[in-house]
Amino acid sequence: MKFKHQHILSTKQFDKNDLLAFFEVVKKMEKVVEEAVKEGKQSKLCEGKILATLFYEPSTRTRFSFETAMLRLGGRVISNFDMLKTSSATKMETLYDTGKVISQMANVIVMRHPEVGSTEKMAKGSNVPVINAGDGSGEHPTQALLDLYTIWKSHGRIDGLTIGMIGDLKNGRVPHSQCSLLKHFGCKFIFVSPVGLKMPSEITAELRACGCEVVETEDLAEVIHDMDVICMTRIQKERFANDEEYGKYAGSYVLDCEMMNLAKKDSIVLHPLPRVDEISSEVDDDPRAKYFEQVKNGVAVRMALICEVFGIKV
Ligand code: NCD
């Protein structure tokens with residue numbers, strides 16, 4: 001695979017063949033986890049290696065998921081989940097220098113930061129692979145990888161599916177990264193957002209240039225019947241100038257059982273989580289709801305990624 005031994009900073013690094021080959025590795029990782037849970041068998045694939053998680057923005061799933069992944073592989077973890085307040089960032093250390101420093105100690109760095117492009121700055125300084133766990137409203141490649149894996153597993157394919165993305169498509173790094181991967185599969189895209197939070201035009205233009213059909217609307221009820229995959233997202237409160245601005249969009253879309261009655265019987269619902277109010281908890285029992293399964297898939301996806309950057313064959 002092309003991305004072996006490299007930083008993982010952007011979904012642009014992956015083509016269709018990489019992705020399909022990668023999904024096969026993830027399947028093997030699911031087995032590794034199963035053996036650990038059922039038979040208490042500890043993998044030694046990353047024995048002796050250390051993963052550092054440097055988080056300059058809040059996280060629940062992504063950080064725990066990477067740390068669980070490394071522990072499942074028999075490696076160890078060092079972590080700072082509050083880098084902005086408790087690291088040398090407070091003394092104006094640059095990301096480049098932090099990369100230089102941490103890579104003297106850890107074998108791989110996973111970082112999240114509020115600034116677009118920040119992971120590249122750290123990668124420039126680092127002598128070990130850096131993995132982007134979210135750079136502001138830019139990208140979230142590992143989340144998109146686990147989303148595509150979940151689609152592939154549920155539908156048995158990605159080619160030609162109709163993908164709905166609903167919510168804050170302007171600020172959401174997850175839909176941005178999802179588009180960048182899904183463009184390889186000839187999907188049809190239905191973007192549902194308030195007018196002020198539309199998918200950036202560079203992204204819709206790129207999808208069209210790849211031959212994908214793109215539909216944009218504000219009305220979910222009108223288009224949900226056409227979707228094979230319903231990707232809900234949160235209005236990204238932290239990207240708005242103030243509460244008043246956020247208030248204009250809060251609660252724009254709610255997926256409840258009534259709305260799900262309009263959806264295809266074999267569609268699936270994804271959400272990177274956390275959710276605010278955009279998926280009502282009554283939908284959790286619908287077999288089409290895959291957002292907690294996504295979390296489980298995320299660990300296997302990150303195990304596969306960690307092995308890939310080390311060039312470890314599974
Ligand atoms: C997402 C993120 O941080 O971009 N969460 C996650 O990593 N699972 C989505 C979000 O915060 O809305």
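The views below show a predicted model.

**View 1. The shell of residues around the ligand.** The residues around the ligand are Arg61, Thr62, Arg112, His140, Gln143, Arg173, Val174, Arg234, Gln236, Pro272, Leu273 and Pro274. By residue type, this shell divides into four nonpolar, four polar and four charged residues. Domain 1 (11–139 + 295–310) and domain 2 (141–290) each contribute at least three residues to the shell around the ligand.

View 2. The side chain of Thr62 places an N or O atom 2.9 Å from an oxygen atom of the ligand, and an N or O atom in the side chain of Arg234 is 2.8 Å from an oxygen atom of the ligand. At Pro272 the backbone is involved, with a polar backbone atom 2.9 Å from a nitrogen atom of the ligand. Of the 320 Å² of accessible area that the ligand has on its own, the protein covers 94%. Helix H2 (61–72) and helix H7 (173–182) are the elements that give two or more residues to the shell around the ligand.

View 3. Two residues of the ligand shell, Leu273 and Pro274, are joined by a cis peptide bond with omega of about 5°. Pro274 is found in the loop between strand S9 (268–270) and helix H12 (291–310), and Leu273 has its place in the loop between S9 and H12 as well. Although Leu273 is not a glycine, its phi is positive, at about 65°. Leu273 counts as buried, because its relative accessibility of 12% falls under the 20% cut-off.

**View 4. Met92 in the loop between H3 and H4.** Met92, which is not a glycine, has a positive phi of about 70°. This residue, Met92, is found in the loop between helix H3 (83–86) and helix H4 (95–102), and it is exposed, with a relative accessible area of 73%.

**View 5. Aromatic pairs.** A search of the whole structure finds seven aromatic pairs. One of them joins Phe23 and Tyr149 in a tilted arrangement, 5.8 Å centre to centre with 55° between the planes. Phe23 lies in helix H1 (residues 16–39) and Tyr149 in helix H6 (residues 141–155), so the pair ties together parts that are 126 residues apart in sequence. Phe240 and Tyr249 form a tilted pair, 5.8 Å centre to centre with 40° between the planes, and both Phe240 and Tyr249 are buried.

Technical notes:
Residues are numbered from 1 along each chain as its sequence is written. This is a predicted model: local features need pLDDT of at least 70, side-chain atom pairs count only at pLDDT 80 or more; totals for chains, interfaces and linings use all residues. Side-chain values use heavy atoms; hydrogens and water are left out. A residue is near a molecule or strand if one of its heavy atoms lies within 4 Å of it. A polar contact is a pair of N or O atoms within 3.5 Å; within protein, one must be able to donate a hydrogen and the other to accept it, and residues adjacent in sequence count only if both atoms are side-chain atoms. Accessible areas come from the Shrake-Rupley method with a 1.4 Å probe; for residues, only the protein chains shown count as cover. Helices (H or I, at least four residues) and strands (E, at least two) are DSSP runs, numbered from the N terminus. Ala, Val, Leu, Ile, Met, Phe, Trp, Tyr, Cys and Pro count as nonpolar, Asp, Glu, Lys and Arg as charged, and the others, Gly among them, as polar. Domain bounds come from an automatic or database domain assignment. Rings of Phe, Tyr and Trp (its six-membered ring) pair if their centres lie within 6.5 Å; planes under 30 degrees apart count as stacked, over 60 as edge-to-face and the rest as tilted. Buried means under 20% relative accessible area, exposed over 50%, partly exposed in between (1.4 Å probe, protein chains only).
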